[in-house]
Amino acid sequence: MKQDLRKILLAMTLPLFLIFILYIIKILEVGMDWDFTRLGVYPMEQRGMFGIFAHPLIHSNFAHLFANTLPLFFLTWCLFYFYRGIAPYIFFIIWIGCGTITFIIGKPGWHIGASGVIYGLAFFLFFSGLLRKYTPLIAISLLVTFLYGGLVWQMFPYFTPANTSWEGHLSGAIMGSLCAFAFIGYGPQRPEPFAEEEEEEEEKSNTNEEEIIKQAVSEKEELTNHATGNPM
């Protein structure tokens with residue numbers, strides 16, 4: 001029980017730290033009357049390249065940040081709890097890959113916000129669970145679908161407001177899906193069917209063999225002792 005609780009709390013470390021940084025940045029921006037929009041991605045221009053790394057940290061206003069807070073925390077926690085062995089790699093690839101694709105396909109203008117990362121995490125968790133065919137991970141896939149299934153419409157310009165970066169959403173979805181396929185052989189895997197039963201049978205077989213060997217040795221010793229006690 002303590003180990004499970006420790007695992008849960010450990011998986012919260014990065015999400016909580018990330019959320020803390022996002023709010024500190026926004027409070028500084030508003031409090032100091034600064035404008036961090038230019039730290040976002042500006043497609044196909046040199047001034048927008050730094051945004052590939054920084055754009056998920058910047059939000060247009062507190063409403064934008066509030067909207068991203070809960071899904072970012074929950075999906076990041078799911079990633080680090082269920083895929084802790086590969087989670088840092090997945091998170092980094094989605095973060096950078098999302099910004100890179102947005103830089104290539106985005107419309108002119110500043111693209112900011114963690115929405116692309118959220119889409120990447122959601123699509124990774126969804127496809128990874130289905131591809132691995134492992135019940136706990138499939139359950140997470142279904143939960144993500146139930147909670148965030150409506151996100152898919154925000155990947156297309158027809159359903160997205162003009163001031164929303166559908167390109168960032170699509171970029172995140174692409175990276176999350178690619179990661180699900182690329183890392184399918186790493187991280188948690190479905191246990192082999194009847195693996196535990198086979199191990200138990202193997203242990204029993206080994207135990208029986210040891211008993212037979214011991215019995216044979218014991219019988220041989222008895223025969224030797226008997227022969228020694230009755231000389232010809």
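Start by selecting Phe 123, Phe 126, Phe 127 and Phe 181: ring pairs tie these four into a cluster. Here, rings of Phe, Tyr and Trp (its six-membered ring) pair if their centres lie within 6.5 Å, and planes under 30 degrees apart count as stacked, over 60 as edge-to-face and the rest as tilted. What you have open is a predicted model, where local features need pLDDT of at least 70 and side-chain atom pairs count only at pLDDT 80 or more, while totals for chains, interfaces and linings use all residues. Residues are numbered from 1 along each chain as its sequence is written, and side-chain values use heavy atoms, with hydrogens and water left out.

A search of the whole structure turns up 16 aromatic pairs. Pick Tyr 83 and Phe 124 next: their ring centres are 5.1 Å apart and their planes sit at 65 degrees, so this pair is edge-to-face. It links distant parts of the chain, with Tyr 83 in the loop between α4 (62–82) and α5, and Phe 124 in helix α6, 41 residues apart. Helices here are DSSP runs (H or I, at least four residues), as are strands (E, at least two), numbered from the N terminus. Both Tyr 83 and Phe 124 are buried, where buried means under 20% relative accessible area, exposed over 50% and partly exposed in between (1.4 Å probe, protein chains only).

Now jump to Tyr 158 and Phe 159. This aromatic pair is also edge-to-face, at 5.2 Å centre to centre with 85 degrees between the planes. Tyr 158 is exposed, at 73% relative accessible area, and Phe 159 is partly exposed at 43%.

**Salt bridges**

How many salt bridges does the structure hold? There are three, each a side-chain nitrogen of Lys or Arg within 4 Å of a carboxyl oxygen of Asp or Glu.

- Select Lys 107 and Glu 167: their closest N and O atoms are 3.2 Å apart. The pair links distant parts of the chain, Lys 107 being in the loop between α5 (87–105) and α6 (115–132) and Glu 167 in helix α8 (residues 166–182), 60 residues apart. Lys 107 is partly exposed at 31% relative accessibility, whereas Glu 167 is buried at 2%.
- Go to Lys 26 and Glu 29, whose side chains meet at 2.8 Å, N to O. Both lie in helix α2, three residues apart, about one turn of the helix, and both are buried.
- Then take Arg 47 and Glu 45, with 2.7 Å between the closest N and O atoms. Arg 47 is partly exposed at 42% relative accessibility, and Glu 45 is partly exposed too, at 32%.

**Charges over rings**

**Annotated spans**

Colour residues 7–25, 62–82, 89–106, 112–130, 137–156 and 168–186, which the unreviewed UniProt entry annotates as "transmembrane region". Over residues 89–106, the chain is 94% helix and 0% strand, with end C-alpha atoms 25 Å apart. Residues 112–130 are 84% helix and 0% strand, and their end C-alpha atoms lie 31 Å apart.

Note on methods
UniProt positions are given in the numbering used here, feature names are shortened, and annotations may be inferred rather than shown by experiment.
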